[in-house]
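Me: I'd like to learn how to read a few features of this model. Can you take me through them one at a time?

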Amino acid sequence: SESVDLASEVRELFEFYDALAEDRGVELKLTGEGVVAGERLMIRRAVSNLLSNAINHTPRGGAIVVQVEPAGKGEIKLSVDNPGDGIAPEHLSRVFDRFYRVDSSRQRSTEGAGLGLAITKSIMAAHRGSVHVQSTGGRTRFEIQFPPPAAA
């Protein structure tokens, strides 16, 4: 396990996704910071899946906001919030299932097999963390939460 600076990982991912975001007319914003313990490449993969998902579902002119913040008891949470059509309540509990597809309009996902969110969920489980989604009022927010660095 290593110390992972979430804000710095997100900034590097923003550079990686910059061309795609620009192409889609989507802005990427980051606020906050936090350090967690874990496998850096796995954590980067988990965040990357959430970002690519958000870019795919944000309408032109929209902004994706990534926020890193303390979540009490030494936990750190990272959220990826984007505007768009949102996810219907009956699908929310299933978006992390392998191969689950909300509808055919989401087929344009770059991930092909619908594994991105399932992978994010399993990475968070491996880090003794959690992943949640909420989708209301035209915004969708995915949140991953890490245990206190000492506990990892």
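Me: Where does K73 lie?
Reply: In this predicted model, K73 lies in the loop between β4 (63-70) and β5 (76-83).

Me: And what is the phi of K73 near?
Reply: The general idea goes like this. Most residues other than glycine have a negative phi. Here, K73 has a positive phi, near 55°, and is not a glycine. K73 is also exposed, because its relative accessible area of 81% lies over the 50% cut-off.

Me: Where is R128, which has a positive phi although it is not a glycine?
Reply: R128 sits in the loop between α4 and β6 (130-136). Its phi is about 55°. Is R128 buried or exposed? At 58% relative accessibility, R128 counts as exposed.

Me: Okay, on to the sheet. In what order do the five strands come?
Reply: As a general point, strands of a sheet pair through backbone hydrogen bonds, either parallel or antiparallel. In this model the order is β2-β4-β5-β7-β6, in an open sheet with mixed pairing.

Me: Which strands stand at the edges?
Reply: Those are β2 (27-32) and β6. Each has a single partner strand, so one side of each is left without a neighbour in the sheet. From one strand to the next, the twist averages 15°.

Me: Over how many bridges do β4 and β5 pair?
Reply: Six bridges, and the sense is antiparallel. To place yourself in the strands, find E69, which stands opposite K77 in β5.

Me: Which strands does helix α2 touch as it packs on the sheet?
Reply: Helix α2 (residues 40-57) touches β2, β4, β5 and β7. The direction of α2 makes about 15° with that of β5. Then there's α4, which packs on the sheet against β6 and β7, with its direction at about 25° to that of β7.

Me: At what angle do α1 and α2 pack?
Reply: Helix α1 (residues 6-23) and α2 pack at about 40°, and their axes are 10 Å apart. To count as roughly parallel, an angle has to be under 35 degrees. The two helices are therefore oblique to each other, and their crossing is right-handed.

Me: Which residues of α1 and α2 meet?
Reply: On the α1 side, look for residues including L6, V10, L13, F14, Y17 and L20. On the α2 side, the residues they meet include I43, V47, L51 and I55.

Me: Last topic: how many aromatic pairs does the structure hold?
Reply: Two. One of them is formed by F16 and Y17, with 5.0 Å centre to centre and 80° between the planes. That makes the pair edge-to-face, because the planes are over 60 degrees apart.

Me: What about the rings of F96 and F142?
Reply: Their centres are 5.9 Å apart and their planes stand at 90°, so this pair is edge-to-face. The pair links distant parts of the chain, 46 residues apart. F96 is in the loop between α3 (89-92) and α4 (116-126), whereas F142 belongs to strand β7 (residues 139-146). F96 counts as buried at 10% relative accessibility, and F142 is buried with a relative accessible area of 4%.

Conventions:
Residues numbered from 1 in each chain as written. Predicted model: local features only at pLDDT ≥ 70, side-chain atom pairs only at ≥ 80, totals over all residues. Heavy atoms only, no water. Phe/Tyr/Trp six-rings, centres within 6.5 Å; stacked < 30°, edge-to-face > 60°. Helix = DSSP H or I, 4+ residues; strand = E, 2+ residues; numbered from the N terminus. Buried < 20%, exposed > 50% of the residue type's maximum accessible area, 1.4 Å probe, protein only. Pairing = 2+ DSSP bridges. Axes fitted to C-alpha atoms, helices over the stretch in contact; angles between N-to-C directions. Contact = heavy atoms within 4.5 Å. Parallel < 35°, antiparallel > 145°, perpendicular 65-115°, else oblique. Left-handed = near helix turned anticlockwise from the far one by under 90°.
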